[in-house]
Amino acid sequence: MAPEAILIFDVGKTNKKLLVFDARYQLLAEESVHLAETVDEDGFPCENVAALTQWIRESFQKISNRKDFSIRAVNFSAYGASFVCVDEDIRPVMALSNYLKPYPTKLQEELYERYGGKSLFSKICASPPLGSLNAGLQLYRLRQEKPGMLRKVRWALHLPQYVSSILSGKAYSEMTSIGCHTCLWDFPKQKYHQWVSDNGLESILAPIVPYDTVDSTDIDKKEFLIGVGMHDSSAALLPYLATISEPFILLSTGTWNICLNPFNQTPLTEGELNQDCLCYLSFEGKRVKASRVFAGHEHGAKVKELCTKFNIDENFFLSLELDIHGNLNSRESAAIAYLDFMKELVNKQVVALGLVRGPEKIHRIFVDGGFSKNGIFMTLLAQRYPLSQVFAASIPQASALGAALAIHRHWNSELIPENMINLRKVNIK
């Protein structure tokens, strides 16, 4: 008998993946595709929703007919700050708006002033002003600039819930998507902000359901459990929360290094907002305080600069390590320049961690992503926290795995494995 399995569609901005896990969350199959962008009504590049929809439908049909496993459930993780506006039949009626699209300053300031000013608005919505990245403002812009187009919209679905609707045929909203700096949510009151209903937008936001909601759906005479999808960064937290009981901070590294503290429930201060802090909502609807550093981008640019300056290959920097006394295994000028840069980068990282660490001073820091494999970064970071434990964490496909775990109880009778995350403590003594 073929093993029962769960299919996850993990929709990134650049790459789209499908992954199949068995009941022990071992990877059975994986495929990846890059879909070329299209342009919106204003000619700005954006996600090609038609191509994405077609890929999900065709991939689901192919995977669900395989004989080496039996798909029992399907769930989704996808990037946030993006709406797909659909009609009654859940068919897109306009292009998805790219969160990188410039936002009219006058329109943004007008909304802030109407609801207590920028500072108060940002505190209530738990996000600094981010333009189109504040996805709720995309809907406000649509109402102000293209009201005729808005009248065609029955539901404005967050992208994770739209991709779920492709298979389920149902329109939902879910807290991790609402809570990813959309400026839709009144964090103190735990409901939509007053500006949403005042502008007639609450009626096009689909009913809110729990993150672990599933619909039993018949497709081609087979029954599948279809999850409602999750925001990818919030999904990536779930494997840690599901298997680790002690409080921790997750430092997820890449182009942006994002510090996530799901155990810090304190409201954002004006100072934190001014330093680019924000709050997500966890899958349970709780605050997750977050800060960020553009570390991966800075690192890439610096390595290129040093390679040019010293006429060396970037692999040179991958071989560098620090011993426990902070000495380099190379005394070359390029190595010294790189170490000086990394010290500055870690200083920025420590500031960002301090912004989310909270009054309880959490002493376990998990670092995943690219910098977890950088020995110099990890050693310098651990040296700054001599009374804490700093771990390099390895968890393959964290967002997809989190989406799978979200609906574990509906399809999987086995216990969640405790060894899904590989942790390596950084020793400095």
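K221 is exposed, with a relative accessible area of 87%. Exposed here means over 50% relative accessible area; buried means under 20%, and partly exposed is in between, with a 1.4 Å probe and protein chains only. K221 lies in the loop between strand 11 (214-219) and strand 12 (222-227). Its phi is positive, about 65 degrees, although K221 is not a glycine. Most residues other than glycine have a negative phi.

Before I go on, a word on the source. This is a predicted model: local features need pLDDT of at least 70, side-chain atom pairs count only at pLDDT 80 or more, and totals for chains, interfaces and linings use all residues. Residues are numbered from 1 along each chain as its sequence is written, and side-chain values use heavy atoms, with hydrogens and water left out.

Strands are DSSP runs of E, at least two residues; helices are runs of H or I, at least four; both are numbered from the N terminus. How many bridges join strand 11 to strand 12? Six, and the two strands run antiparallel. D218 stands opposite E223 in strand 12. Strand 12 also runs parallel to strand 6 (residues 70-78), joined by two bridges. There, V74 has I226 of strand 12 as its bridge partner. Two strands count as paired if DSSP finds at least two bridges between them.

I90 has one of about 60 degrees, and I90 is not a glycine either. Is I90 buried or exposed? Buried, at 14% relative accessibility. I90 sits in the loop between strand 7 (83-86) and helix 2.

That brings us to helix 2 (residues 105-114). Helix 2 packs with helix 4 (residues 136-145) at about 105 degrees, with the axes 11 Å apart. So helix 2 is roughly perpendicular to helix 4, a label for angles of 65 to 115 degrees. Axes are lines fitted to C-alpha atoms, for helices over the stretch in contact, and angles run from 0 to 180 degrees between N-to-C directions. Helix 2 makes the contact with L107, Q108, E110, L111, Y112 and R114. Helix 4 brings L137, Y140, R141, Q144 and E145. Contact means heavy atoms within 4.5 Å.

Seven strands form it, in the order 16-17-15-14-18-19-20, with mixed pairing. Which are the edge strands? Strand 16 (278-281) and strand 20 (422-425), each pairing on one side only. On average, neighbouring strands of this sheet are turned by 30 degrees against each other, direction ignored.

Take the pairs one by one. Strand 15 (residues 257-261) and strand 17 (residues 287-293) run antiparallel, joined by five bridges. The bridge partner of I258 in strand 17 is R292. Helix 13 (residues 333-357) packs on the sheet, touching strand 14 (249-253), strand 15, strand 17 and strand 18 (364-369). The direction of helix 13 makes about 165 degrees with that of strand 17.

Strand 18 pairs with strand 19 (residues 389-394) in the parallel sense, over four bridges. I365 stands opposite V390 in strand 19. Strand 18, helix 14 (residues 375-384) and strand 19 make a right-handed β-α-β unit. Right-handed means that, with the strands pointing away from the viewer, the path from the first strand over the helix to the second runs clockwise. Strand 19 then pairs with strand 20 in the antiparallel sense, again over four bridges. S394 has N422 of strand 20 as its bridge partner.

S282 is in the loop between strand 16 and strand 17, and counts as buried at 7% relative accessibility. Not counting residues up to four places away in sequence, S282 touches M175, T176 and V288.

Last, the cores. A nonpolar core is a set of buried Ala, Val, Leu, Ile, Met, Phe, Trp, Tyr and Cys residues joined through side-chain atoms within 4.5 Å. The largest has 82 residues, and F21, W195 and Y240 have the most contacts inside it. Which helix gives the most to this core? Helix 15 (residues 398-406), with seven residues. Leaving aside neighbours within four places in sequence, the contacts of F21 include A400, L401, A404 and W411. Apart from that core lies another, of 39 residues, among them V293, F316, M342 and Y385.

Notes:
Parallel < 35°, antiparallel > 145°, perpendicular 65-115°, else oblique.
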